[in-house]
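I opened this model to look up its charged pairs and its nonpolar packing. My entries follow the structure.

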Amino acid sequence: MGLPNRRCPNCGDTHQGFRPLDDAEKAYVRGQVPRADLGTYRRCAREGCVRVQSYFDWRSGFDLPDSFRPAGD
């Protein structure tokens, strides 16, 4: 089974795979959302995308800082 597909506004409003957050991403997101909601947030798995959003509501999302982009993007 693959990653769950969700609407990603950063990727041309197309459906993309979203993966669980890694530890560094969780640390950043913890400062942005209520602690109880942290487990519902996922990151777009498309290369170069820094979108993080709730698994249940694509509107409750935001971009990670550019420091989370892979080098060269």
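The entries below go from salt bridges to cores to one arginine.

**Ground rules.** I am working with a predicted model, where local features need pLDDT of at least 70, side-chain atom pairs count only at pLDDT 80 or more, and totals for chains, interfaces and linings use all residues. Residues are numbered from 1 along each chain as its sequence is written, and side-chain values use heavy atoms, with hydrogens and water left out.

**Salt bridges.** I took a salt bridge as a side-chain nitrogen of Lys or Arg within 4 Å of a carboxyl oxygen of Asp or Glu. The count is 5 salt bridges.

I looked at Asp13 and Arg7 to start. Their closest N and O atoms are 2.8 Å apart, and they form a salt bridge. For burial I used relative accessible area: buried is under 20%, exposed is over 50%, and partly exposed is in between (1.4 Å probe, protein chains only). Asp13 is partly exposed at 37%. Arg7 is partly exposed too, at 30%.

Next I went to Glu25. Glu25 is buried, with a relative accessible area of 1%. Its side chain meets that of Arg19 in a salt bridge of 2.7 Å, N to O. Arg19 is partly exposed at 25%. Glu25 also forms a salt bridge with Arg43, at 2.5 Å between the closest N and O atoms. This pair links distant parts of the chain, 18 residues apart: Arg43 sits in strand 3 (residues 41–44) and Glu25 in helix 1 (residues 23–30). Helices (H or I, at least four residues) and strands (E, at least two) are DSSP runs, numbered from the N terminus. Arg43 is buried at 7%. I noted Arg19, Glu25 and Arg43 as a network of salt bridges.

**Cores.** I defined a nonpolar core as buried Ala, Val, Leu, Ile, Met, Phe, Trp, Tyr and Cys residues joined through side-chain atoms within 4.5 Å. The largest has 9 residues, including Leu21, Val29, Tyr41 and Phe62. Another core of 5 residues lies apart from it, with Cys8, Phe18, Cys44 and Cys49 among them.

**Arg51.** Which strand holds Arg51? Arg51 lies in strand 4 (residues 51–54). Arg51 is buried yet has no salt bridge. Leaving aside neighbours within four places in sequence, I found Arg51 in contact (heavy atoms within 4.5 Å) with residues including Cys8, Phe18, Trp58 and Phe62.

Note on methods: Lys and Arg count as positive and Asp and Glu as negative; His and the chain ends are not counted.
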